[in-house]
Amino acid sequence: MCRFLAYLGPPATLQSLLYDPPQCLVRQSWAPRHQRQGAVNADGFGVGCYDHALREEPARWRTPRPAWAERSFASVAGVVRSTAVLAALRDATPPSLVEESGTPPFTSGPWLFAHNGRVEGFAGGGPTGPLLRRLVSDPRAAGIEGSSDSEVLFALALDRLDAGAAPGPALADVVATTTGVAPGRLNLVLTDGHLVAATACGESLFVREDDDAVVVASEPYDDDPRWAPVPDGSLVVARRSGATVEPLTR
């Protein structure tokens, strides 16, 4: 049910993060090891990265094709370096469409966002989707391009950021609001290239801290013992200096 990887650290090529490790994100598109729902992530692949010397907004590339099919991107990945990356694979929840508008990461201003999981009953004509959409402000609703639950969750997070919330509390409140409407698996990740906030809510999540880098990912990309599983029901806030993990609800 989707995979993501967020990196903050010294300049690193996209190839070194997404292709070179033995259990890299691209390999997770067909052979995930920790995925709790679904077996492949073939319904889209996207990457966002930052160069804060040029601008605060990220560059983003995405496709509805599976990651293993993107040979042209693989050739570019070896020469693109960044200090902050969010990459994601998609396993679309039926009856959601497989199209670029539904492919993470989603972006607005300096923010990148991805979602691993699903909101139960969001699609298919039930009341959950309309109920959640009505909770989104008109300005943020106007920015929704597609039909996925992930975009609505991002819009809800943006509303909280617009109101002055920090990224971690914004995501925690989105989880609380959403589960008040319908159950779901809500592993959310949000970054502005300076910090990463993520929730562990129904799906696997791991953190790896190095001396001057941090990775927050759906699953480890190798067997390094520095990977630490995040307990379900937790909020992660990470910077290059390290990560904190606390309960989603206090």
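Two strands pair if DSSP finds at least two bridges between them. Strand 2 (residues 45-49) and strand 3 meet that criterion in this predicted model. Five bridges join the two strands, and they run antiparallel. Within this pair, Gly 48 faces Arg 60 of strand 3.

Strands of a sheet pair through backbone hydrogen bonds, either parallel or antiparallel. Strand 5 (residues 106-108) pairs with strand 6 in the antiparallel sense, over three bridges. Phe 106 stands opposite Phe 113 of strand 6. Strands 5 and 6 form a hairpin, with two residues between them. In the turn, Gly 109 has a positive phi of about 55°.

Strand 6 also pairs with strand 7 (residues 184-191). Here eight bridges join the strands, again in an antiparallel run. Asn 116 of this pairing stands opposite Asn 187 in strand 7. How enclosed is strand 6 by the rest of the structure? Buried means under 20% relative accessible area. Eight of the nine residues of strand 6 (residues 111-119) are buried, so the strand is largely enclosed by the rest of the structure.

Now the helices. Two packed helices are described by the angle between their axes and the distance between the axes. Helix 6 (residues 149-162) packs with helix 7 (residues 167-179) at an angle of about 130°. Their axes are 9 Å apart. The two helices are therefore oblique to each other. Helix 6 passes helix 7 in a right-handed crossing.

Which residues make the contact? From helix 6 come Leu 153, Leu 156, Ala 157, Arg 160 and Leu 161. Helix 7 contributes Pro 167, Ala 170, Leu 171, Asp 173, Val 174, Thr 177 and Thr 178. By type, the residues of this contact divide into eight nonpolar, two polar and two charged.

Key:
Residues are numbered from 1 along each chain as its sequence is written. This is a predicted model: local features need pLDDT of at least 70, side-chain atom pairs count only at pLDDT 80 or more; totals for chains, interfaces and linings use all residues. Side-chain values use heavy atoms; hydrogens and water are left out. Buried means under 20% relative accessible area, exposed over 50%, partly exposed in between (1.4 Å probe, protein chains only). Helices (H or I, at least four residues) and strands (E, at least two) are DSSP runs, numbered from the N terminus. Axes are lines fitted to C-alpha atoms, for helices over the stretch in contact, and angles run from 0 to 180 degrees between N-to-C directions. Angles under 35 degrees count as roughly parallel, over 145 as roughly antiparallel, 65 to 115 as roughly perpendicular and the rest as oblique. A crossing is left-handed if the near helix is turned anticlockwise from the far one by less than a right angle, and right-handed if clockwise. Contact means heavy atoms within 4.5 Å. Ala, Val, Leu, Ile, Met, Phe, Trp, Tyr, Cys and Pro count as nonpolar, Asp, Glu, Lys and Arg as charged, and the others, Gly among them, as polar.
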